[in-house]
Amino acid sequence: MRVTVLGTRGSMAVSNEKMREFGGATSSYMVEEDGEVLFFDAGTGIMNIPEGTVSGKQILLLITHTHLDHIMGMPFFLSDFCGGKRLDIYGRSREGETVERQLRHLFSRPLWPVGLRDYSGIKIVCHELEGEIEAGPFRITWTESQHPGGAVNYRVDAGGKSVVLATDFEHSSGSEERLVAFSRDADLLLYDGQYTEKEYPSFRGFGHSTPETGLQVFRKSGAKRMRIVHHAPDATDEELKRREKLLKAEEPNAGFAREGEVLEL
Ligand SMILES: [Zn+2]
Ligand SMILES: [Zn+2]
């Protein structure tokens with residue numbers, strides 16, 4: 001299994017010379033196994049798909065939730081990568097709206113001129129998340145995250161390897177223990193560590209966590225590698241490298257995700 005970090009900035013896309021190393025594109029990750037590909041989230045990072053990767057007839061897109069930083073790349077992704085293909089989108093109903101209805105807000109005038117189903121030549125199939133999903137080589141499981149308005153943590157197992165995406169996750173009221181069980185023995189844990197321990201008390205309830213709590217979840221779960229994701233939009237490369245150094249001193253198999261990073265599991 002190969003996991004590529006296409007974008008890992010949280011909240012909003014950023015671009016300046018102080019954020020080149022970790023990147024400014026928002027949440028999107030690609031998982032490849034046996035020539036098949038799936039994506040977690042369609043933030044602006046999804047436009048960083050390496051050329052030639054999406055060659056099959058079917059694309060799987062697992063949406064954690066429809067906050068803008070997780071779907072903002074979709075209008076461009078549909079026109080540039082999905083022509084002539086079937087796109088299966090998975091997500092959860094929120095506020096009484098299916099994932100398709102949630103996405104339609106973005107794809108409606110005057111916000112955007114083209115409707116979700118008005119892109120020619122794409123067969124879009126939207127699915128409500130229910131139980132376990134088997135798709136090609138991938139076995140997909142999910143659990144409810146701790147995040148305002150709701151979000152989903154995903155686990156993908158394929159070819160004897162596994163990756164867990166716990167972005168937009170806050171540790172509170174036992175959510176860490178549930179995540180420990182969900183991440184048991186995973187080969188890679190992608191964990192939301194947007195805030196430092198010092199910042200966190202001012203942002204309690206915002207739906208994000210810290211690298212220190214990520215480290216506890218990582219150790220208890222028996223996961224083999226960890227990358228901190230959902231970097232704050234104002235966190236510079238210098239700052240993220242400083243935080244990474246502290247984390248690596250505790251745990252050499254942990255680090256901060258960089259846009260473009262390829263993790264072979
Ligand atoms: Zn987010
Ligand atoms: Zn969110």
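Pro110 sits in the loop between α2 (99-106) and β6 (123-128), helices (H or I, at least four residues) and strands (E, at least two) being DSSP runs numbered from the N terminus. The peptide bond that joins Arg109 to Pro110 is cis, with omega at about 5°. This is a predicted model, in which local features need pLDDT of at least 70 and side-chain atom pairs count only at pLDDT 80 or more, while totals for chains, interfaces and linings use all residues. Residues are numbered from 1 along each chain as its sequence is written, chains are lettered from A and ligands numbered from 1 in the order in which they are written, and side-chain values use heavy atoms, with hydrogens and water left out.

Now to the metals. The zinc ion (ligand 1) is held by Asp69 (OD), His70 (NE2), Asp168 (OD) and His230 (NE2), at 2.1 to 2.3 Å. Donors here are N, O and S atoms within 2.8 Å of the metal (3.2 Å for Na, K and Ca), and sites may look incomplete because water is not among the atoms. Angles of 92 to 167° among the 4 donor atoms make the arrangement around the zinc ion (ligand 1) irregular. For the record, four donors count as tetrahedral if all angles lie between 85 and 135 degrees; four count as square planar and six as octahedral if opposite donors are over 155 degrees apart and all others between 65 and 115; anything else is irregular. Along the sequence, the donor residues of the zinc ion (ligand 1) follow the spacing D-H-x97-D-x61-H. Asp69 belongs to the loop between β4 and α1 and His230 to the loop between β12 (226-229) and α5 (237-250), so this pair ties together parts that are 161 residues apart in sequence. Asp69 is buried at 8% relative accessibility, where buried means under 20% relative accessible area, exposed over 50% and partly exposed in between (1.4 Å probe, protein chains only). His230 is buried too, at 1%.

The zinc ion (ligand 2) has His65 (NE2), His67 (ND1), His147 (NE2) and Asp168 (OD) as its donors, at 2.1 to 2.5 Å. The site of the zinc ion (ligand 2) is irregular, with angles of 88 to 173° among its 4 donor atoms. The two zinc ions lie 3.5 Å apart, and Asp168 bridges them. His67, in the loop between β4 (58-62) and α1 (74-81), and Asp168, in the loop between β10 (161-166) and α3 (175-182), are 101 residues apart, so the pair links distant parts of the chain. His67 is partly exposed at 35% relative accessible area, whereas Asp168 is buried at 1%.

Asp168 also has a positive phi of about 50°, although it is not a glycine. Glu95 likewise has a positive phi, near 50°; this residue is in the loop between β5 (86-91) and α2 and is exposed at 78% relative accessibility.

What about β10 itself? Of its 6 residues, 5 are buried. β10 pairs with β9 (residues 152-158) in the antiparallel sense over 5 bridges, pairing requiring that DSSP finds at least two bridges between two strands. Asp157 stands opposite Ser162 in β10. The hairpin of β9 and β10 has 2 residues between the strands, and Gly159 takes a positive phi near 55° there. β10 also runs parallel to β11 (residues 188-192), joined by 4 bridges, with Val163 partnered by Leu188 in β11. Together β10, α3 and β11 form a right-handed β-α-β unit: with the strands pointing away from the viewer, the path from the first strand over the helix to the second runs clockwise.
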